[in-house]
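Let's take a friendly walk through a protein model, one part at a time.

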Amino acid sequence: MIPTRSTQAWQAADAAHFLHPFTDFKALGAKGARIIERADNIWLWDSEGQQILDAMSGLWCVNVGYGQTALIDAATEQLRQLPFYNAFFQTATPPAIALAEALAAIAPPGFQHVFFAGSGSEGNDTVVRMVRRYWDLQGQPQRQHIISRWNGYHGSTMAGASLGGMSYMHAQGGLPIPGISHIQQPYWWDHGRAQGLSREDFGLVAARWLEDEIQRLGPENVAAFIGEPVQGAGGVIVPPASYWPEIQRIADRHGILVVADEVICGFGRTGNWWGSQTQGFRPDLMTFAKGVTSGYIPLGGVMVGERVATALIEQGGEFEHGYTYSGHPVACAVGLANLKLIQELKLVEHVREDVGPYLAEQFARLKDHPLVGDAETCGLMGALLLVKDRVRGTAFAPEQGVGMVCRGHCFGNGLIMRAVGDRMIIAPPLVITRAQIEELVHRIRRALDLTLADLH
Ligand code: PLP
């Protein structure tokens, strides 16, 4: 155990040595980080003893909630038995083999193979390598181009950030890398409402932006389209039901591969094992991470569908790609225990039939709040859009930072909810109960009231 220190002592050491991800180092140093010390179920406790409802599952990952002894025991036993061995030189470990087998069993038909990585970003780097290799093997080496979406998030490595459509990330480090371009996201509120389109009509319009981009590039040059079934970090953008099936039709027409980034949507989050099942499409590759171990230990990878797997296996020869931790035995042992627990607790059904619809109902009720212009959910992902004028749908000026004000009130009142612009988003652990959803919504309403009071 690490000896305890006071909050101030932790903050001082933190500011002196720890460069946090996606953080203004100087500003955080001045303010001091919040120190999270322990957790159980859906709750966190900070170093001041405050109990906080974690409505973000850590970082979209703690699907089974905190404190699950099955996962802790699996890690401990595997650490004792074999803490590490690699999978490079014609070797394998039982946990990696067993997890690959278990993932194939829960994957949609046609997925029999898995490539392991250490994170979602590494998984998406693997996707880029695999997609391009696939087209080389098809005798179409010019098919290198991958189409993605603005405001999508696919990680922070060079390829992951390039696939992602966060322009502020591209601005640092000379991104995107060549051969990647972005189309607009299927966000009805910003891109369809003002045009007077119904959500479903807008879904078709947004999908056809893919067709336009394919024509611009020349279909013979396009390798793949990648997207999150429901965009997470971009603000929980739930696409209209018409969107993904139309994307699938367009991709099929041109023979291009479809990649589902399931890093957030996988493992029950949307009420099915995979978000692509909820959104009604059949990807060729699926990136996963986060929920595969419920975040207890890092693990990511790519589910490889038959079309790509057959080419790589039968014609590919050596695939020149991999990571030290591809198939890490401890991570895979935790992954196996996690999948087993999701099945035992029937969490996928729990989301689909019980707490998912209940959250949708509760979020719909929040639309009576003067700040809430729109409320959307998909399984246990949800977003509330804060607006200045609900009737006209007028947005707040970005410099007002209303989302950040609301986030501050959440933090101050024992709730972790994230702000993406003025979209307040949640993705609570899948073990959440109806009573806990009521508590969550009660805390959200209080934060909204405090935010409204600040604006007057
Ligand atoms: N893809 C999606 C959809 C994500 O949300 C994330 C992380 O939030 C990633 C990829 C990157 O995963 P990681 O942070 O494990 O590299």
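## A helix across the sheet

Start with helix α15, which lies across strands β11 and β12 and runs at about 175° to β11. Keep in mind as you look that this is a predicted model.

In which order do the four strands of the open sheet come? Follow them as β11-β12-β15-β14, with antiparallel pairing. At the edges are β11 (372-378) and β14 (418-420), each of which pairs on one side only. On average, neighbouring strands here are turned by 25° against each other, ignoring direction.

In general, strands of a sheet pair through backbone hydrogen bonds, in either a parallel or an antiparallel way. For an example, look at β12 (residues 381-386) and β15 (residues 423-426), which pair in the antiparallel sense over four bridges. Within this part of the sheet, L385 stands opposite R423 in β15.

## Two helices side by side

To describe two packed helices, we give the angle between their axes and the distance between the axes. Helix α15 (residues 347-365) packs with helix α17 (residues 434-455) at an angle of about 25°, and their axes are 10 Å apart. Because angles under 35 degrees count as roughly parallel, α15 and α17 are roughly parallel to each other. The crossing in which α15 passes α17 is right-handed.

Which residues make this contact? From α15 come V355, Y358, L359 and Q362, while α17 supplies R434, I437 and V441. By class, five residues of the contact between α15 and α17 are nonpolar, one is polar and one is charged.

On the α16 side you can pick out V402, V405, C406, H409 and C410, which meet A447, L448, L450, T451 and D454 in α17. This contact of α16 with α17 has seven nonpolar, two polar and one charged residues.

## Around the ligand

How many residues surround the ligand? There are 15, and the closest are S119, G120, S121, G155 and V263. Helix α6 (residues 120-137) gives the largest share of this shell, three residues. The shell divides into five nonpolar, eight polar and two charged residues.

How values were computed: Residues are numbered from 1 along each chain as its sequence is written. This is a predicted model: local features need pLDDT of at least 70, side-chain atom pairs count only at pLDDT 80 or more; totals for chains, interfaces and linings use all residues. A residue is near a molecule or strand if its C-beta atom, placed from the backbone, lies within 6 Å of it. Helices (H or I, at least four residues) and strands (E, at least two) are DSSP runs, numbered from the N terminus. Ala, Val, Leu, Ile, Met, Phe, Trp, Tyr, Cys and Pro count as nonpolar, Asp, Glu, Lys and Arg as charged, and the others, Gly among them, as polar. Axes are lines fitted to C-alpha atoms, for helices over the stretch in contact, and angles run from 0 to 180 degrees between N-to-C directions. Angles under 35 degrees count as roughly parallel, over 145 as roughly antiparallel, 65 to 115 as roughly perpendicular and the rest as oblique. A crossing is left-handed if the near helix is turned anticlockwise from the far one by less than a right angle, and right-handed if clockwise. Two residues are in contact if their C-beta atoms, placed from the backbone, lie within 7 Å. Two strands pair if DSSP finds at least two bridges between them.
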